[in-house]
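Reader: Could you take me through the ligand and metal surroundings of a model, giving the cut-offs behind each term as we go?

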Amino acid sequence: MPVSLFDTYTRQVREFEPLSKGEVGLYACGPTVYDYAHIGNLRTYLFEDFLRRTLEYNGYKVNHVINITDVGHLTSDADTGEDKMEKGSRRTGMTAWEMADFYTAAFQDDLQTLNILAPHTWCRATDHIPEQIAFIEDLVQRGFTYTTSDGIYFDSRRSNNYGRLARLDVNGLRAGARVDPGERRFVTDFALWKFSPPDEQRQMEWDSPWGIGFPGWHIECSVISSKYLGDFFDIHCGGEDHIPIHHTNEIAQTEASKGTTLANFWMHGYFLQLDNMKMAKSAGQMVRLQSLLDANYDPLVYRYLCLTAHYRTQLSFGWDSLEACGVALGRLQKSCYEWGEPSEPDADFVTRFEDHINNDLNMPRALALTHDLRRADIPDANKKATLLHFDRVFGLRLDEWRPDRLVVPEEVERWLQQRESARSEKDWQQADLLRDKILAAGYQVEDRPEGPRVVSSE
Ligand code: AMP
Ligand code: ZN
């Protein structure tokens, strides 16, 4: 059965055909690592995980790449303001480099906690500076740029197709006085390279043919995605906020340099809202995954919550709905456990499941099938096999659940080992931090003569 996906570029649900038989290149814009991810960000990575699992379910070999934005993302997406990394460094007291490592690790931890499959390649923007400079040099040679006192800018008027992805009214935007373009010729122009301010020593800066500075935010994704997946690859994703600026600009610069729109499908996850506002790191309007763990939720309850809404609709976060999802997931875990040994999945349920997931990832409908399954008049062993079959895409770790939580999750085991190494290095502070983390996940560390172990704290 073919997979159909909504492509923002053509505004159509299209049948997915891989560019290379059986294989899919999948690029997801990664986090800007100046703070913890919030559960809104994580909703986008969950959507991408459901996408990847659906493709893998259908037999595709997916090559998944995520970048880490560790330089150049300014406080305004429109290239004004300060570099979020330099600002974050002042806030945290860490150097920009230490902070990038710290929040990258925290992000990777969050993905693991939510059972999101790790990409095959992680790449940091700062590890690809020469490639970014080469790309900009090419744009300069092709006449797509101009220089101002603070950087090299992309001249969006040179691009015939500028704003196609977002259906931007480019002329209206350029004529409007709402946004001051500053030294840019037009509000739709964007920075490719910013010069380091003359009166300030930046922590992250590099030499370039145009002077010392740092890359603009969009260039890294054009460069990194094509380096690892080719100049035209299958699917590029991100959150809906990337449609009008970040992805629009990636396409503009790649079209100028390579003559392609970079990806065959552009897919966007819609926002998680909090109190009718978008959840945003910069607005201080955020809930972290850790807050859910602190409130004693199994992190997979958040995964379940994200399955209940289609990725192309906004989802309002509320503790009440999280609570209801906790109850629903608990019921499913218990049934799954009680159904005993699995036999064969039920063919009719599997077909219905595939209809839903392959229809632009209709996870809410696929999830609703689990309720029908519980009530269906088929043997428990088939029910169990069917549910575990669904769980290849849901990723709720249903086969691991035990009533008394005797099974300790992998990450808790990992933290326990990390705590042991910290203790052997006499890093008591780190050891205590890890003990607290284990506790927050619902487990207690017992130091026994034969060595430490964790038990459920309930
Ligand atoms: P950032 O770390 O801000 O660069 O964002 C990382 C990813 O999270 C991007 O794909 C964003 O589009 C996405 N994102 C940001 N805020 C939200 C939100 N409230 N809900 C869902 N996704 C979001
Ligand atoms: Zn990106």
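Author: An oxygen atom of ligand 1 lies 2.5 Å from an N or O atom in the side chain of Asp-241. This is a predicted model, in which local features need pLDDT of at least 70 and side-chain atom pairs count only at pLDDT 80 or more, while totals for chains, interfaces and linings use all residues. Residues are numbered from 1 along each chain as its sequence is written, chains are lettered from A and ligands numbered from 1 in the order in which they are written, and side-chain values use heavy atoms, with hydrogens and water left out.

Reader: Which other polar atoms lie by ligand 1, and how much of its area does the protein cover?

Author: A polar side-chain atom of Thr-44 is 2.7 Å from a nitrogen atom of ligand 1, and a backbone N or O atom of Gly-239 is 3.1 Å from an oxygen atom of the ligand. Of the 490 Å² of accessible area (Shrake-Rupley method, 1.4 Å probe) that ligand 1 has on its own, the protein covers 95%.

Reader: How many residues surround ligand 1, and which element gives the largest share of the shell?

Author: A residue is near a molecule if one of its heavy atoms lies within 4 Å of it; here 16 residues surround ligand 1, the closest being Gly-40, Thr-44, Asp-241, Met-279 and Lys-281. Helices are DSSP runs of H or I with at least four residues, and strands are runs of E with at least two, numbered from the N terminus. The largest share of the shell, four residues, comes from α1.

Reader: Which atoms coordinate the zinc ion?

Author: Donors are N, O and S atoms within 2.8 Å of the metal (3.2 Å for Na, K and Ca), and because water is not among the atoms, sites may look incomplete. The zinc ion (ligand 2) is coordinated by Cys-29 (SG), Cys-221 (SG) and His-246 (NE2), at 2.0 to 2.2 Å. Of these, Cys-221 belongs to helix α6 (residues 219–229) and His-246 to helix α7 (residues 246–258), so that the pair, 25 residues apart, links distant parts of the chain.

Reader: Is Asp-83 buried or exposed, and what does its side chain contact?

Author: Buried means under 20% relative accessible area, exposed over 50%, and partly exposed in between, with a 1.4 Å probe and protein chains only. Asp-83, found in the loop between β4 (61–68) and α2 (84–92), is buried at 3%. Its side chain makes a polar contact with that of Arg-202 at 3.0 Å; within protein, such a contact is a pair of N or O atoms within 3.5 Å, one able to donate a hydrogen and the other to accept it, and residues adjacent in sequence count only if both atoms are side-chain atoms.
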